[in-house]
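Here is a friendly tour of some aromatic rings and their surroundings. Have the sequence and the 3D view ready as you read.

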Amino acid sequence: MAAKQNGKRSAAPSLGPSKKRKLSSKSGTRLQPKNYPTKLKENGKEKLSDRGMIPIPNVDDANDIDLSDQDLEVFKEYGGAASFLTSLDKKGIARSKKETERLHRLNKPVRQAVNDDLPSIDSDNDEDDGGSFGSSDIESLSSSDDGLDHSDNNDTSDAEMAYEKAPRKHDSLWELKENRGVKGLPIKLPGGDIRPTGKVTFAPAMDNDEDSSDDDKPTSDLEEQSQKIDDVSTGARFGRPAVIDVVSNKSKAARIHAAKEQIAGICQEIVSDPENSLGLLRRLHTFSLSEITTPSHPDPVPNDPIIRKLSMLSQLAVFKDIIPGYRIRALTDKEKMEKVSQMVARTRDWEQGLVTTYQTYLRSLEAELKARSDLADLALKSMCTLLKEAPHFNFRVNLMSCIVARLSKKSWDPSSELCLDTLIHVFREDLTGVVSLEIVRLLNRMIKERRFNVHPEVLSCLLHLRLKTELGVRASDSSVDKPQKKESGSKAAARRAKGKSTELPHLSKKAKKALREKQEIDKEFREAEAEVDKEERAATQTETLKLLFVLYFRILKNPRPTPLLPAALHGISKFAHLVNIDFFKDLLAVLKELISRESDDDDTIDPTVISANNIRHRLLCIVTAFELLSGQGEALNLDLSDFISALYALILPLSFMIEIDTAPPPPGIGSKPVKTLSISDMLFRTLNIVFSPRSLGTTAPPGRSAAFAKRLLSASLHWPPTTAQRALEFVGGLIAKDPKLEALLSTKDQTSDGIYHPDLDDPQLSNPFGTSFWELHVLREKHWDAKVSAEAERILSNVRS
């Protein structure tokens, strides 16, 4: 009461230390846990999770929801798919979570404890913690020493399981040899029925027993056996018979038919997928060999020439289709060590394999060409076709060498014509000039080694070089200098150059670096776009032009005249506008020497008879000299009176030439001449060039025109009608250009200084105004050809009017 009065509650009696309480609880009765009443929910309701079964709610028919017509149609259409709801387990669905866990614990399998002498895990006694064995351990040790088996039946740790006692099943690969094989693909009949083809058996493979026995053999036997296996290029692959089997067939018709089918199939597969067909390319080349040997058949088997021809032509068609549009170069050691993607590695392997196969094919063609076999013409035709179609690809120099070597002989045949047409086609289609440079270099070397003993037609292909249109046109009429480059007008740049002109202004290091980078980028763009660089092309064509003129000048300076002289003169006359102006005087001196040398040869043989070749050479020299001065030589003040006098001296001897209108005969069988023009054609071509205003700058002097007109009229009295008519037409043109020549048409008396000297070969000293054109009246009245008489009448009538 006193405590209550003070407002404090009395403390509970002490129960002693906690350790004593623990000991007392162990020795005495254990404390029972308190039973706490489960707390119900408000309003006395029980949780659904505590129930064993939760009933499934049912919907009364009265509360059914009205369905629309569309819902009924959907139910009728897809109602069958909901039939699985009738077979559901209603009890399993109504079972609560607690009930499910309880049933799971009841049905959980109990693992049997192993009967051993180890202490229990739940043991808390101090006696069980000792490390000494008990009496049971001693008994087990003694029983084990007696060698008796006291193992318990319940201990199944060392017992064999059922799957270990079951016999092993053999694999399908261990079946008998005669049962090995695969099913063939079915075939479809024309009626639409599918019929199986049955079982296709193959040769029995080596068994494990044989493999184990072969292990005892030496390694040399294994190597020999591996070498006897045929590869893709010769063996039976992809349903095709081996090459040796096709070639060794005794029936020629069957042999050729089988080879045709296999070659056609191989070509079709190669063209459809070139990158994966290197083995088929080698197989196709095997058919073109003269003798075929394989590892399994070491004895050589001769091949049929028809099969070889078919294979060579097939390879030609395949290479034309699969050769890429770029040149494949060899990889460097650094590039081989680089790690690249799988696609790049595959492309590199295909490119190197393609080059190797292409090289093998070209070697076989070259061998046939050198051996002069029956397939030599076919090999040459294949080489010419490859050079036309793929002049950019590898080994083009080898192709050019074989073709140029074919042209080195003096005779001329259809094969030489084929080679010449090939070179002309390459010259016309060459855009960069590199291929043309290589051909000109080979021709120059070949002609030098042969000492000009080649056919003249060989040099005619050089006239088709793309130099006249690519390197520019003739010089202008006012100046011959090159256009001046734009120079920098900066005073600072002029001071840095110490008074000399500078083409570009000064650039800093940073600007130079940026300029170099820009040039590299532009170069890569040009290579990607396959654009021809104009500067590189100009440099290449300049080098070609140097080699070309070196060849021509070497022919001109040869001590003895060669058959190549007309072709060289014709080439110089065509490319005269490209000759350096510094060489003009030396070249004109060489041409004068040639003319004088030809005239001396004529005098030693027979003064009255002049050979057609010598006349042809003289006329070509005169044409070349005037062609040189018609371009850049217009600015030079050079005297060409010697060439004019040489032409004047040739007219009178030509009046005694009977075959002046006929073209020269071919030098060899099946050949054609370098120039198909006759001597009369060349004569009037030379006269037109000499008296053209472009050559002389102005009209010719009256004395020169009158002298040439008088000598042409004298020669026309002896020439054939065609040549005489052309001479009259030319004389009429001279009279129309110079009215002073009309005085020579009249036969009346006229005053003149001196007399006419027809025997002089200088037109300036012949004094043609001391005579008249009396030959016109003779041709008009006495000539037996009506066309010649009419032309003479026309000249005389025009002048009279």
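Let us start with one residue. Tyr358 is buried, because its relative accessible area is 1%, and the cut-off for buried is under 20%. Keep in mind that this is a predicted model.

**Aromatic pairs**

A pair of aromatic rings is described by the distance of the centres and the angle of the planes. In this model, the count comes to ten aromatic pairs. Two of them are set side by side here.

| Pair | Centre to centre | Angle between planes | Type |
|---|---|---|---|
| Tyr358 and Phe395 | 6.3 Å | 35 degrees | tilted |
| Phe684 and Trp719 | 6.5 Å | 70 degrees | edge-to-face |

Why is the pair of Phe684 and Trp719 called edge-to-face? Its planes stand at 70 degrees, and planes over 60 degrees apart count as edge-to-face.

Where do these partners sit along the chain? Tyr358 belongs to helix α15 (residues 342–371), while Phe395 lies in the loop between α16 (376–389) and α17 (396–406). They are 37 residues apart, and the pair links distant parts of the chain.

Are Phe684 and Trp719 buried or exposed? Phe684 counts as buried, at 4% relative accessibility, and Trp719 counts as buried at 4% as well.

Tyr358 and Phe395 also belong to a group: together with Phe319, Tyr361 and Phe393 they form one aromatic cluster.

**A charge over a ring**

Which residue lies over the face of Tyr648? It is Arg711, placed 3.9 Å from the ring centre. Tyr648 is among the buried residues of helix α26, which also include Phe643, Leu647 and Leu654. This helix covers residues 641–654, 14 residues in all. From its first C-alpha to its last it reaches 20 Å, close to the 20 Å expected at 1.5 Å a residue.

**A cysteine in α17**

Our last stop is Cys402, found in helix α17. Cys402 counts as buried, since its relative accessibility is 12% and buried means under 20%. Setting aside residues up to four places away in sequence, Cys402 touches Glu366, Leu369 and Met383. Another cysteine, Cys419, is 17 residues from Cys402 along the chain, and their C-alpha atoms are separated by 9.6 Å.

Technical notes
Residues numbered from 1 in each chain as written. Predicted model: local features only at pLDDT ≥ 70, side-chain atom pairs only at ≥ 80, totals over all residues. Heavy atoms only, no water. Phe/Tyr/Trp six-rings, centres within 6.5 Å; stacked < 30°, edge-to-face > 60°. Helix = DSSP H or I, 4+ residues; strand = E, 2+ residues; numbered from the N terminus. Buried < 20%, exposed > 50% of the residue type's maximum accessible area, 1.4 Å probe, protein only. Lys NZ or Arg CZ within 6 Å of the ring centre and 35° of its normal. Contact = heavy atoms within 4.5 Å. Expected span 1.5 Å × (residues − 1).
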